[in-house]
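Keep the structure open while you read.

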Amino acid sequence: MQLIQSMWDFFQGQILGMKWLNDLIGAGMSALGLDLTNRWVASIQFFFYDVIKITVLLCFLIFMISYIQSYFPPERSKKILGKFHGIGANIVAALLGTVTPFCSCSSIPLFMGFTSAGLPLGVTFSFLISSPMVDLGSLVLLMSIFGSKVAIIYVVLGLVIAVVGGTIIEKLHMEKHVENFIMTAGNVDIESPDLTRKDRVVFAKEQMFSTFKKVILYILVGVGIGAFIHNWIPQEWVAAVLGSNNPFGVILATLIGIPMYADIFGTIPIAEALLAKGAQLGAILSFMMAVTTLSLPSMIMLKKAVKPKLLALFIGICTVGIILVGYFFNFLQPFIV
């Protein structure tokens with residue numbers, strides 16, 4: 001048992017966390033005569049380490065997830081969802097969201113297509129919530145920073161929010177609050193061609209390069225902010241705002257995250273720095289969930305498809321769910337971190 005734990009710790013620290021890379025960069029900077037205790041030098045080390053680490057993990061994960069995603073084009077996903085009913089359909093929709101695009105803006109066109117195809121509104125909203133909030137990439141990246149227990153619980157709770165949120169919308173019969181052009185768009189079935197293994201590899205490579213180009217700016221900005229927090233903001237400041245002494249830290253983190261726009265790859269380095277500075281785990285994860293699920297650009301896009309009452313209900317359900325998850329993680333923090 002101890003051997004298995006040691007192997008897992010090595011995998012989490014050296015393979016996912018790439019601690020060897022941080023040591024290598026530090027050794028290289030020391031060889032150049034730089035003082036690693038200097039704030040500017042430490043910030044540069046943090047920046048290069050996190051950019052390289054996230055880029056490597058990002059490209060690997062996008063390639064693997066895109067390969068899996070090639071088996072679930074919109075037409076096939078629609079047919080899969082159409083075979084389920086009730087809460088089972090919400091669960092399947094939430095799970096399908098884990099193998100779809102990485103940000104909310106990419107998920108909204110699929111949501112619109114599923115809705116216009118006649119799938120139940122609650123089911124399509126379960127998909128819309130889970131797609132940006134929970135994906136296979138987030139599971140691996142969260143494991144590299146927070147450990148496997150936190151990552152698994154995060155994904156499970158994200159799926160719960162998606163299923164519960166979609167179920168509530170379904171029970172309230174909000175179909176009349178979807179814009180008419182969505183509900184009357186009609187449905188054209190286009191069978192996806194069978195792809196060979198080579199086709200899937202090509203598709204995965206194209207998706208990897210395309211997604212990387214879209215998110216690299218957010219990674220650089222996120223790592224830059226993380227480096228600033230890690231080396232320049234006093235720990236007592238972060239602890240006072242997002243630490244255990246502030247009972248409203250989760251709510252504040254959620255409200256700060258909502259107007260921002262990034263994906264999980266851009267928020268990970270910020271979360272890593274905040275945790276090191278004494279922020280509570282729940283506040284950090286609530287911030288990440290809010291940024292990825294309720295970003296302002298995605299809400300503007302969604303407003304074109306749904307009417308204000310349904311949009312407000314969606315935002316309200318996600319916000320309440322995110323806040324509850326945050327306080328739950330704060331409660332669990334002594335036991336899982």
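## Helices and cysteines

In this predicted model, helix H3 (residues 39-69) packs with helix H11 (residues 197-232) at an angle of about 155°, and their axes are 7 Å apart. Angles over 145 degrees count as roughly antiparallel, so H3 and H11 are roughly antiparallel to each other. The crossing of H3 past H11 is right-handed. What sort of residues make up the contact of H3 with H11? They divide into 22 nonpolar, ten polar and five charged.

Next up is helix H7, which covers residues 121-133. From the first C-alpha of H7 to the last, its 13 residues reach 19 Å, close to the 18 Å expected at 1.5 Å a residue. Is H7 mostly covered or mostly open? Mostly covered: 13 of its 13 residues are buried.

Now for a glycine. Gly 282 sits in helix H15 (residues 281-293). If you trace from Gly 282 to Ala 305, you go 23 residues along the chain, and their C-alpha atoms are separated by 32 Å.

| Residue | Relative accessible area | Class |
|---|---|---|
| Cys 59 | 21% | partly exposed |
| Cys 318 | 0% | buried |
| Gly 282 | 0% | buried |

Buried means under 20% relative accessible area, so Cys 59, with 21%, counts as partly exposed, while Cys 318, with 0%, is buried.

Conventions:
Residues numbered from 1 in each chain as written. Predicted model: local features only at pLDDT ≥ 70, side-chain atom pairs only at ≥ 80, totals over all residues. Heavy atoms only, no water. Buried < 20%, exposed > 50% of the residue type's maximum accessible area, 1.4 Å probe, protein only. Axes fitted to C-alpha atoms, helices over the stretch in contact; angles between N-to-C directions. Helix = DSSP H or I, 4+ residues; strand = E, 2+ residues; numbered from the N terminus. Parallel < 35°, antiparallel > 145°, perpendicular 65-115°, else oblique. Left-handed = near helix turned anticlockwise from the far one by under 90°. Nonpolar A, V, L, I, M, F, W, Y, C, P; charged D, E, K, R; others polar. Expected span 1.5 Å × (residues − 1).
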